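Please look over the sequence and the structure below before reading on.

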Amino acid sequence: MSKGATARLLLLYTARPEFRPPWPPRAHHTQINLNRLSAGNVRKMVGQVAASKALSDETITAMVERAGGVPLFVEELTRAVLVGGDAKLTGREIPATLHDSLMARLDRLGPAKDVIQLGAVIGNEFSYEMLHTVHPIAETELRAALSTLTNAELLYIRGIAPDATYKFKHALIQDTAYEALLKSRRKGLHRRVAQVISERLTALREAHPELLARHWTEAGESERAIVEWERAGAAAEARNAYREALENYQQASALLDTLPESSARDSQELELGQSVYRTLYVVRGHAARETIDNVDRTAALARKMGKLTLLTGAINLSEG
């Protein structure tokens, strides 16, 4: 990076307006603020997305008003109109928000809606193997549903099934599909995904304990989730990814606070508190308020359990 000013290299980053770069500005850095699309640009984009299908001027005018110049909204509204099969929709009939537009598209997917919602539970990217294991329907049905989703450009595909992986075109599509699930159904699917990873996808379980931890958390299985968050923290710490380790340990700590009080929980909290303190010390330094608060809490618990030497060992390890 120190040679970036002279290297024949172009790096292009995109971000929302509220983003503030953590790096200092340099003479060879250029920031370009992109405004919303003009009405003319929106009309042009609608025409490109619609391709050979002509839309009435009334419909396009309504879309210009509703889209607010946001490219993703323009694209989704246009596709919603095209899928609806009526090129003469009035302004009132066009979804007023991007969420409504995406929901309308999902509702018209038929059996493919269940598949994309399960994909949303698994994550932003998922494999055919994972999907089919969690959702064991006939392969012909599953491939037909996935073909519908990729043809609708809701998912991108890499590779050929059964060795394919799928990725949501945009996080908003995943969020909409996920939020459309009833909470009870959502928890059940997370539990099923966690069980599949634990019992059948051992390589994935070992390589990404944080993934398994997230699914157990969303499934409401706190004790199992704590074990995996701690394992994820230890794995991150072993490769010196201390910020990631800290986040994982804190996830475990937050869940531990929801469990009933017991001597076993106190013992687990003491060990976890040491891990949180140790990584906090590395990431933020001994003077950080969170570090001091954490060590005070851990020390109090250690005194309660007569195990203050454990905390002393953690402090010495951090300072060493």
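**A helix pair and its surroundings**

In this predicted model, the crossing of helices α5 and α9 is right-handed. The contact between them is made by L118, V121 and I122 on the side of α5, and by L189, H190 and V193 on the side of α9. Sorted by kind, the residues of this contact comprise five that are nonpolar and one that is polar, with no charged residue among them.

As for the geometry of the pair, helix α9, which covers residues 183-199, packs with α5 at an angle of about 65°, and the two axes are 10 Å apart. Because angles of 65 to 115 degrees count as roughly perpendicular, α5 and α9 are described as roughly perpendicular to each other.

Helix α5 itself covers residues 112-122, and Q117 is one of the residues that lie in it. The relative accessibility of Q117 is 6%, and Q117 therefore counts as buried, since the cut-off for that label is under 20%. Leaving aside residues up to four places away in sequence, Q117 touches A177, A180 and L181.

Turning to the whole chain, the secondary structure consists of 16 helices and three strands, and 39% of the 320 residues count as buried. Among contacts in the chain with a separation of 6 or more, 58% are accounted for by residues 24 or more positions apart. The chain exposes about 18800 Å², of which carbon and sulfur atoms supply 53%.

Definitions and conventions:
Residues numbered from 1 in each chain as written. Predicted model: local features only at pLDDT ≥ 70, side-chain atom pairs only at ≥ 80, totals over all residues. Heavy atoms only, no water. Helix = DSSP H or I, 4+ residues; strand = E, 2+ residues; numbered from the N terminus. Buried < 20%, exposed > 50% of the residue type's maximum accessible area, 1.4 Å probe, protein only. Contact = heavy atoms within 4.5 Å. Axes fitted to C-alpha atoms, helices over the stretch in contact; angles between N-to-C directions. Parallel < 35°, antiparallel > 145°, perpendicular 65-115°, else oblique. Left-handed = near helix turned anticlockwise from the far one by under 90°. Nonpolar A, V, L, I, M, F, W, Y, C, P; charged D, E, K, R; others polar. Areas by Shrake-Rupley, 256 points an atom, 1.4 Å probe, with all protein chains shown as cover.
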